[in-house]
Amino acid sequence: MRYLFSRLLFYFVAFFIAISFNFLLPRLMPGDPVDALFAGAAGRMDPSQMDAVRAMYGFSEGTLLEQYGRYVVSVFSGDLGPSILMYPTEVTRVLGFTFPWTLFLVGIGVISAIVLGLVFGIIAAYRRGGWFASIVPPVTAVISSMPAVVTALLLFYFFGLKLEWFPLSYAADPAMEPGWHGAYLKSVAYHAVLPLFVIIMVSLSQWVMVMRNSMINVLGEDMVTMAEAKGLSTSRIMLRYAARNAVLPVVTSVAMGLGFAVAGQIFIEIVFNYPGVGNTLLKAINARDYPLVQALLLLIVLFVLIGNFIADLTYLWLDPRLRKS
């Protein structure tokens, strides 16, 4: 319990530091969204209306400390004010629309990459010297070494623009009525093919290498030699003896990878014009929609912290030495 309490306290402090920087950074920049709005109007708006516009967008007045206090209360109460880009829509409603699409891509893409990577890593370690171990890890490493945006642009150009096999934007056909019906779900799956493929390609090598290296260490232990001497089947030795013990350090990487995956796929969403967190973040930055930018960055930080906390819990559950200590 003391370990869990210390980790919870650490993540709470980290979250508080994150929201503090999230509050300060926009205010350290020159001007504010209202200034940018009036500058863009090129004299068509009366400067005497600036205070009224600020009040309309919910920008609070007072000292920096008073504004910080109101900001912290708004974060914990979920009242983040209206979005400037999509006024008068509330920021929380924008998050409610964009985050599920990102979660959908991250959930399916990263988990598929992890499962494939672990399977490939187990086979590559157990069949060292074979054709699989000689071809698959290097090929995945070469593909994953390319920046995600380059891989996304290549697939966008060849399979979307030239061959026209897959759509170039949106999460589903905009002409269709959203709902849990077969046609719409089929359209969602069709539009997600290329983004998902990019996510799998850019992260697959990481899991192959982690699992292969961990497996190679376990395969050198006495228990595996004894299992082979007993004449146990290859599949049983590979899965129940080697893979089961090798997966412990991999679990931590998996949980942390899920957390960072939300931030890592921003460019993929931008290339495919996918209506997730990354695409919305770019539009919000261009519009200087600070309330929405702050909320999206806070959401990414929160997801990373949750991923790390899940890694701590999983490691605690799997490793009895940590529980005893």
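Biologist: Where is Asn273 found?

Modeller: Asn273 sits in the loop between α11 (266–271) and α12 (277–286); helices here are DSSP runs of H or I with at least four residues, numbered from the N terminus. This is a predicted model, in which local features need pLDDT of at least 70, side-chain atom pairs count only at pLDDT 80 or more, and totals for chains, interfaces and linings use all residues. Residues are numbered from 1 along each chain as its sequence is written, and side-chain values use heavy atoms, with hydrogens and water left out.

Biologist: What is the phi of Asn273?

Modeller: Phi of Asn273 is near 50°, a positive value in a residue other than glycine. Most residues other than glycine have a negative phi.

Biologist: And how exposed is Asn273?

Modeller: Asn273 is partly exposed, at a relative accessible area of 27%. Buried means under 20%, exposed over 50%, and partly exposed in between, using a 1.4 Å probe and protein chains only.

Biologist: What about Glu164, buried or exposed?

Modeller: Glu164 is exposed, with a relative accessible area of 62%. Glu164 has a positive phi of about 55° and lies in the loop between α7 (148–162) and α8 (182–219).

Biologist: Changing topic, which residues touch the most other members of the largest nonpolar core?

Modeller: Met211, Met215 and Phe272 do, in a core of 60 residues. Such a core is a set of buried Ala, Val, Leu, Ile, Met, Phe, Trp, Tyr and Cys residues joined through side-chain atoms within 4.5 Å.

Biologist: Which residues is Phe272 in contact with?

Modeller: Leaving aside neighbours within four places in sequence, the contacts of Phe272 (heavy atoms within 4.5 Å) include Ala152, Phe156, Leu194 and Val198.

Notes:
Helices (H or I, at least four residues) and strands (E, at least two) are DSSP runs, numbered from the N terminus.
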